[in-house]
Amino acid sequence: MTVRTIPTVASSPPQALLDAGGIDARWSRVVEVPAGGPGTTTRSWHLLDNAATLTGEPVGTLLCVHGNPTWSYLWRRLVAAGAREDRPWRVVAVDQLEMGFSERTGDTHRLADRVRDLGALTDVLGLTGPVVTVGHDWGGLISLGWAIDHPDQLAGVVLTNTAVHQPVDERVPPVLRLAMAPAVRPLGTVTTSAFLETTLAIAHPRLDPLTADGFRAPYRSADRRGGIGGFVADIPATHDHPSRPELERIADGASRLDVPALLLWGPRDPVFTARYLRDLRERLPHADVHRFEGAGHLVVEDRDVAGGVLRWLDARDVGGSPGERTPAPADAPYRPLGAALDERSDDEGTAIVELGAGARRASWRTLAARTDELARGLAAYEVKAGDRVALLVPPGVDLTSILYACLRLGAVVVVADAGLGVQGLTRAVRAAEPKVVIGIERALVAARWLRWAPTLISAGPLRPGVRRALGVAASLDEVAALGRSWEEELPWPAPDEDAAILFTSGSTGPAKGVAYTHRRLGAIRDVVAATYGIGPGSPLVAAFAPFVLLGPALGATSASPDMDVTAPGTLTATALAEAVRAIDGAVVFASPAALANAVRTADDLADADRAALGGVRLFLSAGAPVQPDLLEAAVALMPAADAHTPYGMTESLLVTDVSLDELRAAGAGNGVCVGRPVAGARIAISALAADGAATGEPATTPGATGEVLVSAPHVKERYDGLWLTQDASARDAGWHRTGDVGHLDADGRLWIEGRLAHVLVTDAGVVTPVGLELRARAVHGVRAAAVVGVGPRGTQQVVVVVESESQAPLVADAVLAANVREALEPVSVAAVLVATRLPTDVRHNSKVDRIRVAAWAEKVLAGERARL
Amino acid sequence: MTRVLVTGASGMFGRAVAARLVADGHDVRTLQRGPSGVAADVRGSVADPATVAEAVRDREAVIHLAAKAGIVGSYDEYEDVNVRGTANLLAAAREAGVARFVHVSSPSVAHLGTSLAGAGAGAADPDRARGNYARTKAAAELLALAADDADGLRVIAVRPHVVWGPGDTQLVGRVLERARKGRLPVLGDGAALIDTTYVDNAVDALVAALVADEAAYGHAYVVTNGEPRPVLELLRGICAACGVPAPRRHVPAAVARSVGGVLDTAWARLPLPGEPPLTRFAAEQLSTAHWFDQRRTREALGWSPVVSLDEGLERLASWTAAERARTVP
């Protein structure tokens, strides 16, 4: 079955189509280009070009090349965005020949033809100033071909879900393989619109019908779709494919490009999967990368790619004079995180104690030796510095030794919390692209079936048969054994290389990977030591995951109590006391949930347990905000201890600290008092504007509410594979924007008022939730409260949703409503609603998911039915 | 002192406007069928051009509240008063050299049946507004704003939302009547946020409109207390203020809307007395959100509400107690 293409010259799309797509009619042009070969004289192209509507001199030109089966419509928002007043860019988005509204010639266009044709077109057009190529899908490859051929004009490259290399020995993705089969291709791509419809159907979120029609417009009939089939036929998947040499040429040339590069990626792409992104990152190691978690192949449609590209051009000053980036603040002297282990490799004293079933004790010497063996063993298994290793091992001797082994080797540890759930964990681990997963059996099962990494190493026992079924490469003991015979020198990693990727809790969107260098990890140890005076003389009990690992770095003997660390509420007072007794513990770290359960089970304590707890001099409640009354109760359990609670986040584990005494002195205020900056840290506030945006310059004016900024040697290096997120969080040189909102008081204490994303803007001004929630919770009968806004920003109404001990949903009775309103005066409250249960985050089970509460309130207060 | 004509001064709202203007020392004339009891009356219908011409004579300003409200009657009956009446007044006012014309409209002119949460004053839509009242008021507002003339008669449209207070026969009266008969259901969960306007605030807004900046004229403004509440809370508040039991019966909102639709049809086709116990319009009003962005209104009119919702309910309670003392020996 063949469909003949009827030759047709290029045309402009119908006005209605342009209008629906927000495309200025002046951008739509038809250009005649002299044909290279003999025979025909010209080829006619349709393209979008905003040159006519620019009000000022453009910085340069963005040359945008679509893939298959889209057209310049894909770039319409970038064409519009480029025509901005300040630093405008000319944006030229072409329809390739046989595609979009360009000419249907009926000819075959090989990759080399397409690259040459594009060059012929730009010769006629005359591009303004430096050029940045922008490509999607196979357009990425063609745009790179143009880039390589025009080095004098080239100022940068932007690539979105594309590939420059199709190794013959690797299998083409199944979706494409089907479309490429000679028998299927014409039917799937030309005769029917199946290929086109499939592409449109995998947009996330779904395309609205009007937009989908825009993509379909030039491909309404079979004779218009010849180019779609032609593109698929030109995929050089075999050695002898005619387009193979050009592919190799572009792939090689791309590896030599040294202009700024931006890779924008939608990971939910069945064709251009993670390995193509990996290949591009290897070719363009200097590229900035942003993965739009949740977006797919049509990433340009799914997310604000236009805004992202312009932000990147500005931030990298592409097309301008290359400027110096603000230098990082001077750092303290560098000492590797694992230095103490190395220094105490002959010490027979206890380093670490693991309680519970299979309790273990390791001396400094054993731990140092084990770490060294594992580091060498991993090297023997060809894990190199810079390779990523995901650790899915519960805290204890195994985790500690493998963590320090990776750091010693220079392998980058990837740590995500099991609290994210299998789906969240899969998304996080796969985003980090580890080479190896080291885990307990349960983790390895998920790692194999959900394709987290190519190589699996087991920690702890496996049931019979599991090893083979999962294809586990080795056990930790085998790695260590191999390491004992690995004699080659193991250089220490450089301080500014990546050391770890830690994942956020994902309570505000998908979990984000946060990259730390060795220097910054060392700084975390130093700030903990300086703030809390923890060192060799202060054995510590850690019932809170991150701190379990810090003991060996601090040179302190550490113990983890018998509990499920992923479920903090399982810590009993007896288990805590047992751990304290085991090492004569002076310091206790625990999350509020763990502390609360310990307090609840205090009656079970034996006298010896009480005596042991009486020896604790310091305890820290970490990980989530804590109520002062819980700290009071914990002090009753550990009467000689100072109670402290630090404030921090994955991006900066310690920002401030406050003691119980200081909390008492501070009293009530607008928000939760989190104390003063820890050693070496500085805090500033970026004040909120009337519209709730944090636009203020970093300042320390008391009383001004704004986004909390932190600057410290132990703050994250960057977000991993999230260039746009990183750029936004670091837009003030030297500062990290935390996304939290708060204010400083006259005594320099920081008060947290909520998340930036949870700020309300009413017609009376900006309202922050935390302080109001505390006041609502003080009302009789209220167990928990969330303050959210409904309605358009600027005129939002304040809604208080409470968990009540006595009332059923939904509209609070007159007495409760009146009491809550009185407690919140002078803030005007539109509604007091009762919910059975307020949703909280998975990790700490303590932070209310206000976004969800707000969405629910918006619905029920509009008279709709909704579930919370 | 300004010479003002107030139309529709027999209802709670119109009478309060006329009384306020009198108290402020203005020369007030009123036009309505019955006596206003507060100022010099011209009695008759706005649908009658001769009556209107007599009422407008020598006036400097007009506040036009007269309208056929409620839900009973044919489209023609509504059109006669609301559209033709407004056209008559506008023509007469222009003829008489009136300078300022405050057209009292309703947010329902732009309400198409869905929830309004923080909405502005949308365009009046006579084709799609819900019910005869809203449609004819929409047409009237379009006429009024079209008559605004920068060099002659200046027109401003003010849309107070659900005006209530002591002596109100619309919201308060109906709620009480039904509550007393045990026929006051709560639609759905009763959570729909509804904003209302205490009568004194609405009066203030109209007086403010009369003296507002020139630039405010030619446009429509929604006026409310700016204190939306879940409808159940409002009903409870009114019932409590008037000493009647709060509503207890919950009816699913969708059921109420369908029943309302059926009753609408029955009352339209059959010679049934009075008003239907529930109309689709009422069901929609009571089960969807209605609250508005007040920023533009407050700035343009230089007005903001003085009596809070709670204060209004207290005043309603005092008034009810006084009435009871007066009527029950």
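This is a predicted model: local features need pLDDT of at least 70, side-chain atom pairs count only at pLDDT 80 or more; totals for chains, interfaces and linings use all residues.
1. Helices (H or I, at least four residues) and strands (E, at least two) are DSSP runs, numbered from the N terminus. Between β3(A) and β4(A) the chain passes through helix α2 (residues 76-82) of chain A, and this β-α-β crossover is right-handed; that is, with the strands pointing away from the viewer, the path from the first strand over the helix to the second runs clockwise.

2. Five of the five residues of β3 (residues 61-65) of chain A are buried, so the strand is largely enclosed by the rest of the structure. Buried means 20 or more other C-beta atoms within 10 Å of a residue's own, exposed 12 or fewer, and partly exposed in between, with C-beta atoms placed from the backbone. A:Thr61, A:Leu63 and A:Val65 cover one side, and A:Leu62 and A:Cys64 the other.

3. Still in chain A, helix α9 (residues 226-233) is mostly covered, with seven of its eight residues buried. Among them are A:Gly226, A:Ile228 and A:Phe231.

4. Some backbone details deserve a friendly look. A cis peptide bond joins A:His204 and A:Pro205, with omega about 0°, and A:Pro205 sits in the loop between α7 (194-201) and α8 (209-216) of chain A. The bond from A:Glu825 to A:Pro826 is cis too, with omega near 5°. A:Glu433, which is not a glycine, has a positive phi near 50° and is buried, with 21 other C-beta atoms within 10 Å.

5. Turning to chain B, seven strands form an open sheet in the order β3-β2-β1-β4-β5-β7-β12, with parallel pairing. The edge strands, each pairing on one side only, are β3 (40-43) and β12 (220-223) of chain B. The twist averages 20° from one strand to the next; axes are lines fitted to C-alpha atoms, for helices over the stretch in contact, and angles run from 0 to 180 degrees between N-to-C directions. Helix α2 (residues 49-56) of chain B lies across β1, β2, β3 and β4 (61-64) of chain B, at about 165° to β3(B).

6. Finally, the interface: 24 residues from chain B and 18 residues from chain A take part in the contact, two residues being in contact if their C-beta atoms, placed from the backbone, lie within 7 Å. On the side of chain B that touches chain A, the largest share, three residues, comes from α7(B). The predictor gives the complex an ipTM of 0.92 and a pTM of 0.88. Chain B has a mean pLDDT of 90, with 93% of its residues at 70 or more; pLDDT is the predictor's confidence in each residue, from 0 to 100.

Terms used
Residues are numbered from 1 along each chain as its sequence is written. Chains are lettered from A and ligands numbered from 1 in the order in which they are written. Two strands pair if DSSP finds at least two bridges between them.
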